[in-house]
Amino acid sequence: MSLLNLTLKVWRQDNPSDSGRIETYEAKEIPTSASFLEMIDIVNERLIKDGHDPIHFDHDCREGICGMCSMTINGVPHSKERGTTTCQLHMRKFSDGETIYIEPFRAKAFPVIKDLVTDRSSFDRIIGAGGFISVRTGSAPDAHAVPVPKPDADAAFDAAACIGCGACVATCKNASAMLFVSAKASHLNHLPQGQVEKDQRTLSMVRQMDAEGFGNCTNQYECEAVCPKEISVQHIAKLNRDYLAASAREGVS
Amino acid sequence: MSSSKCSLCTFIKSSIGRKLVVALTGLALVLFLAGHLSGNLLIFAGAEVFDAYAEFLHSFLHGMGVWVARIGLLACFVIHIWFTVLLTRENKKARTPYVHEATVQASKSSRIMIWSGLTILAFVIFHLLHFTVRIDSDLAALGEASPWEMVIQGFQNPLVTIFYVIAMTLLCSHLSHGVASIFQTLGLRSKKTAGAIKFISCAYAFVIYVGFISIPLSIWLFGFGR
């Protein structure tokens, strides 16, 4: 098994009000089979052993489905590899002697808590504003009780693949949350179960997005390029349409 | 959530609403460019045709037509710039910079929209003073007699021609991103149409570019009209 010697330039920030700084670490003898997070684990073990504060970072499932891992690797959220999360990124994608910049997801709406850990609860508040359907929970309805046309089911499923990691915001030149919001709205707006609250959902989610201080989409599609779930920007076009229609209906009713 | 007092105000204050305003005013300006270019290209048809076209514009609807167009265009222009400056300022505020910045796929044109736009603003002010208000008394005298002569004379100055070409280059860049953006903001872009929209956007920008620079370059470089 081959081993890598790397130089890490890591963003360290003690608390939300600290101005933060880049610190340099030598990551020696890193196995190519390690994931990116495991590489940081190895570095952290050595830091702890030497009596230093380990690098704080978010992680949970480590299998690419929870959306918790959030770091910007050489300026690109989840690295330049397409359709992958940081936890699913392996060190074999890097070469010996490389310098890697590791920074938190940066946006005013994602304040840094410590080092690479950011507060992404603004996403939770957007979901709370309308990313749901109001139904009685308990007994599950029969799967065929509500027929869903196949194209709608597929489109809804593609949108629902969003894991809410925030890479779209982190990479956007304007820190816009349009890809996230459009995916979450599109997921439910495509389905018959989501029709009753469609207008209210669209209006509330967009208004919450604006209130959280995200920027405005300028159609550069950086979000689509870095999204680990490869969510399409055509959901943004749909959100623009749905929002216009919902606003018009709200205006005349 | 309580329904707001003024739905239109709420809409205009939202990010999507403001983008829609930018897209619609942009669309009006994009369509104006096509009309303006078609008219300008009549310069190659000779002094008589071009002067007759200028006369037609000024006498259209008993001279009202040109003012309706001017006021409409000015409104679109001012609103377009006002809203984009507003949006750009918000966008800058929403972002914190990376130590190691990287761009995956955003085009150069899309990243300099505000600068290409503001250069076009400076150009339009100059262009209006040059050919519409005619602050140069020689050009003003020529303009009364023959607009065709005025244009030929106006482009004899290399500085004017160079600034014109620079401004048109940035206009081309602005359009290559702007035209495609209109479709996305109006919600008309999908996976199926994305390629066609990108092509239309670039092709339109290219046609406008070549069309507009052909006039000063023929006059200045190839001595057209002399």
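Modeller: Let's start with one idea: two residues are in contact if their C-beta atoms, placed from the backbone, lie within 7 Å. Before we use it, note that this model is predicted: local features need pLDDT of at least 70 and side-chain atom pairs pLDDT 80 or more, while totals for chains, interfaces and linings use all residues. Residues are numbered from 1 along each chain as its sequence is written, and chains are lettered from A, ligands numbered from 1, in the order in which they are written.

Biologist: Okay, which residues of α3(A) meet which residues of α5(A)?

Modeller: A156(A), A159(A) and A160(A) on the α3(A) side meet A183(A), S186(A) and H187(A) of α5(A). By class, that contact has four nonpolar, two polar and no charged residues. (Ala, Val, Leu, Ile, Met, Phe, Trp, Tyr, Cys and Pro are nonpolar; Asp, Glu, Lys and Arg charged; the others, Gly among them, polar.) Helices here are DSSP runs of H or I, at least four residues, and strands are runs of E, at least two, numbered from the N terminus.

Biologist: At what angle do helix α3 and helix α5 of chain A pack?

Modeller: About 150°, with the axes of α3 (residues 150-160) and α5 (residues 178-189) of chain A 8 Å apart. An axis is a line fitted to C-alpha atoms, for helices over the stretch in contact, and angles run from 0 to 180 degrees between N-to-C directions. α3(A) and α5(A) are therefore roughly antiparallel, a label for angles over 145 degrees.

Biologist: And how do I read a sheet?

Modeller: Strands of a sheet pair through backbone hydrogen bonds, either parallel or antiparallel. In chain A, five strands form an open sheet in the order β2-β1-β5-β3-β4, with mixed pairing; strands pair if DSSP finds at least two bridges between them. β2 (21-31) and β4 (76-77) of chain A are at the edges with a single partner strand each, so one side of each has no neighbour in the sheet.

Biologist: How many bridges join β3 to β5 in chain A?

Modeller: Two, and β3 (residues 72-73) and β5 (residues 99-103) of chain A run antiparallel. I73(A) sits opposite I102(A) in β5(A). Helix α1 (residues 36-49) of chain A packs on this sheet and touches β1 (3-12) and β2 of chain A.

Biologist: Now the chains: how many residues of chain B are in contact with chain A?

Modeller: 37 residues of chain B, against 43 residues of chain A. α4(B) gives the most to chain B's side, with five residues. That side has 15 nonpolar, 14 polar and eight charged residues.

Definitions and conventions: Parallel < 35°, antiparallel > 145°, perpendicular 65-115°, else oblique.
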